[in-house]
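Biologist: I would like to learn how to read a protein model feature by feature. Could you walk me through this one?

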Amino acid sequence: GISPRLNQMLEELLEGIEDGLVPAWIFNDPELFELEQQKIFSRSWVYMAHASEIPQAGDYVLRYVANNPYIVVRGEDGAVRALLDMCRHRGMRVCRAELGNASHFRCPFHGWTYRNDGSLVGVPAEREAFGPGFNKAEWGLRPIPRLEVFDGMIFGNLDPQAPPLEEWLGEIRWYLELVTKRSPAGLEVLGPPQRWVVNTDWKLALETFLSDSYHTLMTHRSLIELGIAPKDAKYAMYGEQIHIPGKGHGSMVVGAPPGAKLPPFWGYPEEMMERSKASYPSREQFETAKETRILLVTLFPNFSFHNPIRKPDHKYQGTVPMLTFRVWHPLGPGRIEIFSWALVEKDAPEWFKEKTRHSYLRFFGSSGTFEQDDTEIWSHVAHNASSSQGRTLRLNYRMGLSLEPDPNWPGPGVAYGLNFTDANMRNFHRRYVEMLLS
Ligand code: FES
Ligand code: FE
């Protein structure tokens, strides 16, 4: 349950949002962290893996939903499962690697052995130890309560009563598909994810990807000065910001700054643009994609992707866009682990795959120039949020409060024709606090 103190603070948060005020304490609070684990991460569809990470029977990766370790594994029957990495005998982890291929998992404690579909098939000295009536069928690894796949994206949910994934996604699907259905061949990961720990709150990282086009002006100023980001410092403003009411999801669809000569379709090779015509579900999606240079989509609660056009350096004449999937995995109050994948269309030309991988590493990998700008700042905000004076401050989420929605936008959701707005963040926090209180 929620303590009366926390309940009152959350009611204040709910009230403040309409007025564009968010209290700083929510970005670093031990009691709230526990409540988030329970009310949000135990009831939401959480992104776990991409199908292309485990293409062959026996391929597995280790992932987390709340604080539960799961082996996401493709069985000999081709089905994808997520099995709790906890031996049914005495609780040891049965999978000792982050990724690999295995037909079986053998527990290092007493040697119980499970097939990669979770069934228990081997118990050392079974007869002597447990007698003849021992029924192995009752002692398989526990599967995650719910697992669903959307266009290769594997999601898990700890709540058996959760709505279907499709209903959970709702209208954000249209924006997701701009990437997942860009090619008829679909996406593939370019290797395993980079992972690193940051002393911050998952909501701060998420907010930046969900809505904060405003920070590029200052945080990433050095990249503008280097000639890597577009010359116009307000480049991220020229876009549409869209949120899905009631769901917490949002997107930013950014075009070219006025007067800037940037190739269409994120700067992907022309052959890829041609192929997308047939694979997008609607004409509107193709037309939107053609005008897009930067696309971000964030799914409630902790998944984002970022798909920007990039000039790899000031000398290179062309552009090499990149695509990164993100999970903002909460580890504790004021502490997260970032999972970051680079992805590309399966049928992209080989030269392009290599270049886009480099583009990712240079800008948004753990050593990327953009990334380091951001994480440094997020960690200071989270620290301040836990300080005795800082936690009583309310922060300004008032940008764009008086903007009117754009009636001409072709996609679903509530869209604003100016990307300098906190509309997506306000929508996220509304959903966030409602879920905490329900
Ligand atoms: Fe796994 Fe005993 S804990 S075999
Ligand atoms: Fe940033």
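**Reading the fold**

Modeller: Gladly, and let us start with contacts: among those in the protein chain between residues at least 6 apart in sequence, 65% join residues at least 24 apart. Two residues are in contact if their C-beta atoms, placed from the backbone, lie within 7 Å. Please keep in mind that this is a predicted model, in which local features need pLDDT of at least 70 and side-chain atom pairs count only at pLDDT 80 or more, while totals for chains, interfaces and linings use all residues. Residues are numbered from 1 along each chain as its sequence is written, and chains are lettered from A and ligands numbered from 1 in the order in which they are written.

Biologist: How many helices and strands does the protein chain have?

Modeller: Helices (H or I, at least four residues) and strands (E, at least two) are DSSP runs, numbered from the N terminus. Here the secondary structure comes to 12 helices and 21 strands. The radius of gyration of the chain is 23 Å, close to the 22 Å that the globule rule gives for 438 residues, so the chain is as compact as a globular protein of that length. That radius is taken over C-alpha atoms, and the rule is 2.2 Å times the number of residues to the power 0.38. Along its principal axes, the C-alpha trace spans about 80 × 55 × 35 Å.

Biologist: What percentage of the residues count as buried?

Modeller: A residue is buried if 20 or more other C-beta atoms lie within 10 Å of its own, exposed if 12 or fewer, and partly exposed in between, with C-beta atoms placed from the backbone. By that count, 40% of the 438 residues are buried.

Biologist: Which residues of helix α5 are buried?

Modeller: First the general idea: an α-helix has 3.6 residues a turn, so residues three or four places apart point the same way. In α5 (residues 173-180), the buried residues are Trp174, Tyr175, Leu178 and Val179. They cover an arc of only 150° around the axis, which puts them on the same side of α5. The arc is that of the directions from the helix axis to the C-beta atoms. Their cover includes strands β14 (239-243) and β15 (250-254), as well as helix α9 (283-291).

Biologist: At what angle do the axes of α5 and α9 cross?

Modeller: Axes are lines fitted to C-alpha atoms, for helices over the stretch in contact, and angles run from 0 to 180 degrees between N-to-C directions. The axes of α5 and α9 come within 10 Å and cross at roughly 65°. Trp174, Glu177 and Leu178 of α5 make the contact with Gln285, Thr288 and Ala289 of α9.

Biologist: How many residues of α6 are buried?

Modeller: Helix α6 is mostly covered, with 10 of its 10 residues buried. Its axis and that of α11 (residues 369-386) come within 9 Å and cross at roughly 135°. Leu204, Ala205 and Thr208 of α6 meet Asp374, Trp378, Val381 and Ala382 of α11. Angles under 35 degrees count as roughly parallel, over 145 as roughly antiparallel, 65 to 115 as roughly perpendicular and the rest as oblique. Helices α6 and α11 are therefore oblique to each other.

Biologist: Which residues make the contact between α6 and α12?

Modeller: The axes of α6 and α12 (residues 423-437) come within 8 Å and cross at roughly 135°. The contact is made by Glu207, Leu210 and Ser211 of α6 and Asn424, Met425 and Phe428 of α12.

Biologist: Where is Ser304 found, and what is it in contact with?

Modeller: Ser304 is found in strand β17. With 21 C-beta neighbours inside 10 Å, Ser304 counts as buried. Leaving aside neighbours within four places in sequence, its contacts include Leu206, Phe209 and Leu210.
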